[in-house]
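The sequence and coordinates are shown first, and the description follows.

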Amino acid sequence: MERNDFAQFLGKLRNANDNGQDIDAFVKQYEHRNVYFYNDGCIKKILANEKNLILTTDLVNAALGLIGSDRIANPKLVNPFIPGELGYHSIEPDILLTNDRGSDAPRDRISIEVQHEDSNSLFKDRLVLYVARLTNNMVKQGEVPQLENLHVVSFQFFDAFAKSPNYRHTVQLKNQEQEVYFDRQTVTLVEVAKFLKNAKDYVGDNCRLAQWLRAIDTLNREADFSEFANDPVFKLLQNEVKLCNFSSRYLMTVDMSDFDRAVAEYSTKMDIAKKMLENKEPLQKIVSYTGLPEAKIRNLK
């Protein structure tokens with residue numbers, strides 16, 4: 001399901017629970033559908049799962065552009081998903097891994113997060129706080145600082161660098177001549193919305209990250225997945241996003257709460273679209289103004 005569709009599903013699930021209905025039976029009706037991958041609770045259950053480390057590792061290497069001996073090869077989940085455990089929110093990252101490169105090399109620490117909205121332009125502050133906390137946690141009080149390689153990977157649905165044609169950005173400490181001052185602290189920003197919105201500009205981009213973004217988008221849209229079916233990693237991903245893998249109890253947890261805002265936003269857009277239709281505004285104007293699919297607006301008539 002796409003974000004708004006999944007938001008509506010979660011809203012109906014909460015209503016079913018509030019009305020005393022059998023929520024297990026409710027969820028079973030949708031078990032053949034795909035969840036929205038980028039939901040906090042969904043991505044944590046999929047990528048912070050020990051049995052899916054091949055997925056997580058492949059995505060991390062794709063996002064960081066690591067190949068050959070530089071690849072993350074020995075990952076260990078710091079905060080793995082535990083079946084049956086209720087989710088909760090904190091300012092710590094939902095997915096955190098370490099990677100041992102041997103006694104002569106610093107260990108890697110990798111954080112993965114998703115951000116849908118740059119609420120009140122606070123995302124940069126929040127991201128810097130993440131980096132500071134993760135760095136601080138590497139050193140025990142009283143010990144000589146020996147920092148690990150820190151990689152913070154953020155999949156975001158707004159542009160960090162709107163004027164740049166790139167959808168992947170590596171942010172490091174540099175001087176005025178653009179020389180890297182400290183190469184063991186990297187923030188990688190993946191502008192998902194830019195990549196999807198400008199898909200024609202990236203049609204020739206077949207890097208692993210581009211393949212991942214296309215595969216995830218195809219699953220979210222529940223479109224034909226045959227293009228990716230022969231890839232064992234994406235085949236596993238296709239199985240893991242099925243709603244049948246998610247219990248009704250987990251779907252009711254706070255990890256899903258960010259979709260309350262999506263439901264409200266969607267409802268507001270639908271109300272606006274209805275009023276514009278009543279005022280006989282052109283269809284394309286309504287699509288442009290609300291961002292709703294043309295088919296959904298036509299169904300309002």
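## Aromatic contacts

One aromatic cluster is formed by F6, F9, F26 and Y30. The model is predicted, and a search of the whole of it finds 16 aromatic pairs. In one of these, F37 and Y38 are arranged edge-to-face, with the ring centres 5.4 Å apart and 85 degrees between the planes. F37 and Y38 are both buried. The rings of F195 and Y202 form a stacked pair, because their planes stand at 10 degrees with the centres 5.3 Å apart. F195 and Y202 are likewise buried. A pair of aromatic rings is described by the distance of the centres and the angle of the planes.

A contact of another kind involves a charged side chain: K45 lies over the face of F246, at 4.8 Å from the ring centre.

## The sheet

What is the order of the strands in the open sheet? Six strands take part, in the order β1-β2-β3-β4-β6-β5, and the pairing is mixed. The edges are held by β1 (75-77) and β5 (168-174); each has a single partner strand, so one side of each is left without a neighbour in the sheet. On average, neighbouring strands are turned by 25 degrees against each other, direction ignored. Strands of a sheet pair through backbone hydrogen bonds, either parallel or antiparallel.

| Strand pair | Sense | Bridges |
|---|---|---|
| β1 and β2 | antiparallel | three bridges |
| β2 and β3 | antiparallel | five bridges |
| β4 and β6 | parallel | seven bridges |
| β5 and β6 | antiparallel | six bridges |

Individual bridge partners can be followed across the strands. T98 in β2 is the bridge partner of K76, and R109 in β3 is the bridge partner of T98. Elsewhere in the sheet, V187 of β6 stands opposite V171 and also opposite V152. The strands β5 and β6 form a hairpin with five residues between them, and Q178 in the turn has a positive phi of about 65 degrees.

Helix α3 (residues 40-47) packs on the sheet, where it touches β1, β2 (95-99) and β3 (108-115). The direction of α3 makes about 30 degrees with that of β2.

Why is β2 described as largely enclosed by the rest of the structure? Five of the five residues of β2 are buried, so the strand is largely enclosed. Both of its faces are covered, with I95, L97 and N99 buried on one side and L96 and T98 buried on the other.

## Nonpolar cores

In soluble globular proteins, nonpolar side chains tend to be buried together. In this model, the largest nonpolar core has 59 residues, and F6, F9, F155 and L243 are those with the most contacts inside it. F6 and F9 also belong to the aromatic cluster with F26 and Y30.

Which residues does F155 touch, not counting residues up to four places away in sequence? Its contacts are Y38, L59, A63, I112, E113, V114, Q115, V190, V192, L209 and L213. A second, separate core has eleven residues, including L96, L127, L134 and V152. L96 is one of the buried residues of β2, and V152 is the residue that stands opposite V187 in β6.

## Two loop positions

N49 is found in the loop between α3 and α4 (53-64). Is N49 buried or exposed? Its relative accessible area is 9%, which lies under the 20% limit for a buried residue, so N49 counts as buried. Leaving aside residues up to four places away in sequence, N49 touches K44, L77 and F81.

E222 is placed in the loop between α7 (208-221) and α8 (232-240). With a relative accessible area of 31%, E222 is partly exposed. E222 and M1 are 221 residues apart in sequence, and their C-alpha atoms are 6.4 Å apart in space.

Conventions
Residues numbered from 1 in each chain as written. Predicted model: local features only at pLDDT ≥ 70, side-chain atom pairs only at ≥ 80, totals over all residues. Heavy atoms only, no water. Pairing = 2+ DSSP bridges. Helix = DSSP H or I, 4+ residues; strand = E, 2+ residues; numbered from the N terminus. Axes fitted to C-alpha atoms, helices over the stretch in contact; angles between N-to-C directions. Contact = heavy atoms within 4.5 Å. Phe/Tyr/Trp six-rings, centres within 6.5 Å; stacked < 30°, edge-to-face > 60°. Buried < 20%, exposed > 50% of the residue type's maximum accessible area, 1.4 Å probe, protein only. Lys NZ or Arg CZ within 6 Å of the ring centre and 35° of its normal. Core = buried A, V, L, I, M, F, W, Y, C linked by side-chain atoms within 4.5 Å.
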